[in-house]
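Have a go at each task before you read its solution.

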Amino acid sequence: MTTADVEVHEATASRRTESVPLAHLSVELGHFYYGDLGNGFDFFQQHFGRIGRWLAATREAWTDTTQARAPRFSTCVLIDDYFERPGTPSEVLPQLIDAARAADLEIDYVVRESACATADEGLDGAPNGVSLAELTQARLVEEPPRGSTGARPPARETGWLCNGLRSPVSGRHEAMKEAVRWLPPKENVATNHSIFTDVELWDHPDDKRKGVDASADDASVGSSAQDGEDGEDDHAGQDGGSGGRRWSCAMLAAVWQLMRLGMLRDEGAAVAVPRPMPSDLPDDWGRLPAVTRVNEHAAPFSAYRTMSICAPLFLPVEHAVRLILERVAIDPDVLTQIHTRSRAEGIVLPEAMVDRIEYLFVDTGPVRGVGPG
Amino acid sequence: MLVLGEVQTAALAHSTDMVVEQAERLLALTPGERVLVSEHPIAHVVSPDIIAGIDCRLPMSSGREVRAVGTLSGRVSLTGGRVLQGSAMARIEPGANGYRRAWSHYLSRLGVVESIGRADPIGIAEKHLSADRSSSSMGMGGFCARLLATVQRSPLLVRPAPFRAGRSTLRWVATSFGDRPPGTIRFTMERGGVRTFWLTTRPDPAPTLATDVAALCADIARHDWLLTTLISIVERGKIGSADPVDVVARLRPAVDHLLHLWMPRGGRAETELRVWEALERRTGLSRQWEAQVGRIRDQIAMGAVLLHLKEARDAELFPGPHGR
């Protein structure tokens with residue numbers, strides 16, 4: 001016998017990352033809120049009738065620029081069952097799907113917004129128990145203002161994320177004897193002038209104290225006690241996880257983009273895997289899969305790039321979505337997988353994930369969007 | 001290529017050596033991210049990577065500075081349920097533009113810091129290794145300390161720790177240029193306890209080189225810390241002056257918590273074995289460890305013999321009813 005090199009692998013010592021099927025382009029045909037979901041068949045038909053030409057243009061543009069021989073497009077809609085409970089799936093979904101077909105469009109996937117926020121309840125006996133919003137929040141890397149070293153502890157978790165330095169004005173100074181000079185906020189990477197944006201990621205609607213930043217110490221690194229300068233506002237322990245936390249529309253829409261780009265994993269495993277539409281539609285949104293495959297011949301739900309066709313009303317939300325996504329550090333293994341596969345298909349993707357997201361802001365008819373909540 | 005790194009090593013402030021399952025929970029610092037566990041040749045648990053954004057001045061040995069923007073990549077590991085290490089590293093690359101780019105650019109290349117302005121890589125490397133314990137390039141030391149503190153504050157820990165131990169610092173660089181030929185290693189023990197490690201690599205190093213060097217440096221730092229900690233326990237044992245039973249009692253934490261952790265070059269790559277061999281030849285870390293271990297075992301053996309002799313003598317002087 002000759003000696004041989006022995007390779008030993010310990011299963012838990014390696015990071016294996018599941019890959020997910022990918023279409024070329026995921027096109028969002030609508031993001032429907034409570035106020036619009038009750039409008040019935042005609043409303044949907046008008047909506048889809050108006051965006052049909054933009055979908056056609058989107059497909060054509062993709063095929064022209066990539067020269068892909070067999071382009072893979074999938075379409076999807078997002079239904080808000082998180083902020084309010086619309087009519088039941090058995091009422092809403094047939095209307096939606098039929099209205100799209102009446103306008104010569106096919107909805108491939110229907111996604112529940114609450115699936116972005118709460119843990120998957122584990123249909124098919126496959127519980128995974130993760131909140132995709134929490135996974136996303138855990139991957140946020142705050143943008144450092146100039147002068148920040150690695151020694152700087154991350155800002156205490158306030159539920160707010162911004163693109164620069166906040167104006168140092170707070171309610172506190174009014175009580176102080178000395179006048180605090182107002183200073184402007186400052187965008188970190190401004191083009192001459194700042195467009196400073198501060199995005200609320202979550203709140204605690206049950207918390208009656210106005211202006212209180214519920215301090216969530218979660219497992220985040222370094223949210224240390226020493227930077228808790230607002231002593232009187234401290235009520236740590238109220239949180240302990242995301243109990244009572246209400247994610248913002250912008251945060252959930254950011255998660256929605258990450259799902260569509262196939263970027264999220266839980267301990268390396270794929271999340272919110274699409275499941276076929278139940279033959280009997282449930283009366284409870286919670287019993288519908290997170291991602292329902294309506295069209296069994298559809299291209300994969302996740303894609304190299306995304307296009308969202310939506311009303312200009314959604315621009316502020318999408319601006320916030322981009323701000324969030326610019327600060328999400330995607331698992332490098334996932335990025336490499338996607339990069340390798342797209343290159344094998346001859347498709348060149350922008351380096352930064354946020355640059356793979358496109359929009360068409362067009363008139364989609366009278367949309368109410370999200371209410372003042 | 002220029003990679004800067006730092007490792008800080010300390011004892012986990014926990015009353016017992018932590019078992020693997022508990023260590024996995026301790027180091028689960030990011031929801032949805034995996035904790036890596038390997039149990040052979042020694043239990044070794046590693047946290048997910050923790051990313052910190054920076055935009056600061058990066059000093060060079062000439063006294064000049066360049067602006068540096070990007071991310072440091074850090075992690076925490078626990079070995080043998082006792083040795084806690086916080087580490088940070090960053091690959092320094094020249095930025096393509098003379099200005100800071102959108103943050104998404106830096107997040108698409110985690111662990112890379114881009115220099116803005118004219119950077120002298122050797123000068124950056126020299127300055128990184130020459131800084132004392134109180135300062136560090138890009139706040140790497142502060143980042144490591146913060147990572148350690150995050151774990152040491154965990155509610156999973158039960159105090160007090162069974163022995164006192166200091167925190168050690170090892171700073172390292174890997175460069176593919178400079179005067180020294182590829183494969184050269186310079187390991188120094190600076191005053192004040194800071195160790196430095198400089199590896200000169202080939203111009204086209206393997207992509208995994210940075211993480212391999214980081215692992216090797218963590219390995220070296222761990223053994224250097226073990227030796228330092230053991231020596232300090234032996235010193236505090238007052239061998240030769242105190243009562244042998246007291247000496248043995250003072251040496252006991254070493255036997256209970258440290259002696260089994262010495263495992264240099266544990267199942268690592270060929271190049272790392274060579275580095276270890278070279279280090280061993282020059283520093284004699286293992287020889288010194290063996291000598292200390294021998295000393296402890298001799299004390300215990302002698303203590304046992306003395307106790308036995310004392311009992312025997314006592315029995316002789318005061319025979320009991322069943323004596324003889």
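**Exercise 1.** How many salt bridges does the rule find across the interface of chain A and chain B?

*Solution.* This is a predicted model, where local features need pLDDT of at least 70, side-chain atom pairs count only at pLDDT 80 or more, and totals for chains, interfaces and linings use all residues. Residues are numbered from 1 along each chain as its sequence is written, and side-chain values use heavy atoms, with hydrogens and water left out.

Step 1: look for a side-chain nitrogen of Lys or Arg within 4 Å of a carboxyl oxygen of Asp or Glu. Step 2: count them, and you get three across the interface. One to look up is B:Arg100 with A:Glu143, at 3.1 Å from N to O.

**Exercise 2.** How much area is buried between chain A and chain B?

*Solution.* Step 1: take the accessible area (1.4 Å probe) that two parts lose on being put together, summed over both. Step 2: that comes to about 3500 Å², with carbon and sulfur atoms giving 53%. Step 3: for contacts (heavy atoms within 4.5 Å), 44 residues of chain A pair up against 43 residues of chain B.

**Exercise 3.** Check the span of helix α8 (residues 285-317) of chain B.

*Solution.* Step 1: the expected span is 1.5 Å times one less than the number of residues. Step 2: α8 of chain B has 33 residues, so the span should be 48 Å. Step 3: its end C-alpha atoms are 47 Å apart, which agrees.

Methods. Chains lettered and ligands numbered in written order. Helix = DSSP H or I, 4+ residues; strand = E, 2+ residues; numbered from the N terminus.
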